[in-house]
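This briefing describes a protein structure for a reader who is new to the subject. Please keep the sequence and the model in view while reading.

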Amino acid sequence: YKRGNEGQREQVVKEATDEMNLIFREIEGVNRKFNEELSGLNEENANSVRLELGHPSNVLLSAGIPDKPLMLYGNKLLKKVQKHNFEIKDVRNLPMSLEHPIAVFDGSHSNSYAVLTEMQINGKNVLVSIETNKQGEVDFNIISSVFGKNDKGVIKWVIDGKLKYVDKGKTLPYISASAPIADATYKKELSDATKIVENFENPTVEQGKITRTIEDLSSSLHTPVKIARTLDDVSDTAAKRAIEQGRSVKAWFDPNTGEVVVYLPNATDVNDAVKSVLHEVVGHKGLREMLVSKEVKGAEERRMAFDNAMMELYRQLPIEVRNEIADIAVRSYGGDVSIAMDEYLAEQAEKNEIPSWWNKVVATIRDLLRKFGIDVKLSENDVRYLLWESQRKLRNSGNPIDVARETVMRDKLGI
């Protein structure tokens with residue numbers, strides 16, 4: 001609203017309040033239903049009971065948990081009740097507790113999260129383990145464990161850099177509560193954890209989506225990707241200097257670790273982050289190797305799909321263009337037209353004027369990426385740069401002339 005416009009300000013406040021009240025009423029309803037179904041849970045019906053906890057709150061979304069319903073199976077809960085010696089009724093109001101947790105951490109394995117809540121069991125704060133993209137359960141976030149967590153384990157997670165989200169108003173008192181009875185070593189750990197929490201910057205909901213998407217992309221491409229949430233997470237001197245100078249550096253390849261690094265504050269949205277990762281991976285592997293690498297599941301089928309797409313595109317090109325590509329195939333690639341297409345398209349991408357049939361190339365590359373599970377919106381210039389970069393792999397050469405050419409091409413295409 002415009003400063004000084006009291007009517008607009010009141011309208012914005014009212015709309016925000018109405019939205020918060022609606023969300024609260026929704027979670028109240030979910031919580032009530034959960035408690036009702038929980039009260040009827042027993043050993044006889046445990047295998048057929050599925051306890052629904054609604055969708056993740058904004059807190060959980062910002063930590064990277066997908067926006068899918070949370071589900072807890074009755075038989076899983078009974079196993080945790082027996083293993084950790086508590087009663088079913090101890091987890092009443094669990095949906096409400098997950099709305100505003102103390103902190104969220106990376107889980108013990110990929111696609112898992114650990115959520116520390118204010119709810120207590122046997123004098124310990126309840127930890128809820130959530131698994132995402134679990135095989136056979138892709139439509140839900142599955143709660144795999146619920147129990148009272150020892151505070152020392154939580155402090156270690158903070159020190160180990162596992163924090164994804166933290167409520168400082170709840171976490172700092174949680175840490176300090178252990179100080180009076182701590183020995184010298186543990187007091188040092190508590191002090192270290194306190195500093196980490198005080199300096200931690202919580203991600204936005206959009207940044208949570210970016211993190212989740214990039215983690216999935218990293219897995220599907222068999223390429224490690226590190227998310228740098230703050231400048232302190234950036235170890236590459238050149239990248240750090242560029243960011244400090246105000247340049248919009250979004251991603252780079254770290255030759256020391258073999259990782260692609262994404263600087264989260266500079267990623268505008270999910271699509272922007274995915275494109276940035278693709279540019280880096282293609283720059284080091286090439287488009288073909290990225291999509292059909294032997295490390296990727298179903299590599300042979302993917303290779304055939306890639307080759308078929310290139311051949312289908314080849315058949316759509318003008319006869320004089322096909323002749324040029326055929327000559328390259330015979331001269332350099334043992335007659336393999338599909339691979340010759342890679343070189344020819346890269347050459348066309350570098351030219352100032354692109355050919356009239358280039359829209360067919362753009363459509364083919366977009367379709368290929370979608371077929372291989374990479375959901376990204378690419379402009380014509382994005383596709384040009386990916387194809388040019390794929391053939392050159394400039395960042396692998398280390399040659400200053402090649403690096404300069406890369407910079408010129410990025411500027412030319414606005415990448």
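The second largest cavity of this predicted model has a volume of about 40 Å³. Helix H4 (residues 94-99) provides the largest share of its lining, namely three residues. The points below begin with this cavity and then turn to the other spaces, the sheet and a pair of helices.

**The second largest cavity**

- The residues that line the second largest cavity are Leu53, His55, Pro56, Ser57, Leu60, Leu70, Pro95, Leu98 and Glu99.
- By class, six residues of this lining are nonpolar, two are polar and one is charged.
- Leu70, one of the lining residues, also takes part in the sheet, where its bridge partner in S6 is Asn141.

**The largest cavity**

- Three cavities of 30 Å³ or more are found when the whole structure is searched, and the largest cavity holds about 90 Å³ of space.
- Its lining consists of Leu287, Arg288, Phe306, Met310, Met341, Asp342, Leu345, Ala346, Ile365, Leu387, Ser390 and Gln391.
- Helix H11 (287-292), helix H12 (299-316), helix H14 (337-350) and helix H16 (380-392) are the elements that give two or more residues to this lining.
- H14 contributes the largest share, with four residues.
- The lining of the largest cavity comprises eight nonpolar, two polar and two charged residues.

**The second largest pocket**

- The volume of the second largest pocket is about 780 Å³.
- Among the 27 residues that line the second largest pocket, Asn133, Glu215, Asp216, Leu217 and Ser219 are the closest to its centre.
- At least two lining residues are supplied by each of strand S4 (112-121), helix H8 (205-221) and helix H10 (270-285).
- H8 gives the most to this lining, with seven residues.
- The lining of the second largest pocket is made up of eight nonpolar, twelve polar and seven charged residues.

**The sheet**

- Strands of a sheet pair through backbone hydrogen bonds, in either a parallel or an antiparallel manner.
- In this model, seven strands form an open sheet with mixed pairing, in the order S1-S2-S6-S5-S4-S3-S7.
- Strand S1 (50-52) and strand S7 (163-166) stand at the edges with a single partner strand each, so one side of each has no neighbour in the sheet.
- From one strand to the next, the twist averages 30°.
- Strand S2 (residues 70-73) and strand S6 (residues 141-148) run parallel and are joined by two bridges.
- Helix H3 (residues 74-84) packs on the sheet and touches S1, S2 and S6. The direction of H3 makes about 20° with that of S6.

**The packing of H13 and H14**

- Two packed helices are described by the angle between their axes and by the distance between those axes.
- Helix H13 (residues 319-332) packs with H14 at an angle of about 110°, and the axes of the two helices are 8 Å apart.
- Angles of 65 to 115 degrees count as roughly perpendicular, and H13 and H14 are therefore roughly perpendicular to each other.
- On the side of H13, the contact is made by Val321, Glu324, Ile325, Ile328 and Ala329, while H14 contributes Val337, Ala340, Met341, Glu343 and Tyr344.
- This contact of H13 with H14 has eight nonpolar residues, no polar residues and two charged residues.
- Met341 belongs to this contact and is also one of the residues that line the largest cavity.

Terms used
Residues are numbered from 1 along each chain as its sequence is written. This is a predicted model: local features need pLDDT of at least 70, side-chain atom pairs count only at pLDDT 80 or more; totals for chains, interfaces and linings use all residues. Side-chain values use heavy atoms; hydrogens and water are left out. Two strands pair if DSSP finds at least two bridges between them. Axes are lines fitted to C-alpha atoms, for helices over the stretch in contact, and angles run from 0 to 180 degrees between N-to-C directions. Contact means heavy atoms within 4.5 Å. On a 1 Å grid over the protein atoms alone, a cavity is a set of points where a 1.4 Å probe fits but cannot get out, and a pocket is an open set with protein on both sides within 12 Å along at least five of seven lines; lining residues have an atom within 4 Å of a point. Grid points are joined across faces, edges and corners, and a volume is the space filled by probe spheres set on the points. Ala, Val, Leu, Ile, Met, Phe, Trp, Tyr, Cys and Pro count as nonpolar, Asp, Glu, Lys and Arg as charged, and the others, Gly among them, as polar. Angles under 35 degrees count as roughly parallel, over 145 as roughly antiparallel, 65 to 115 as roughly perpendicular and the rest as oblique.
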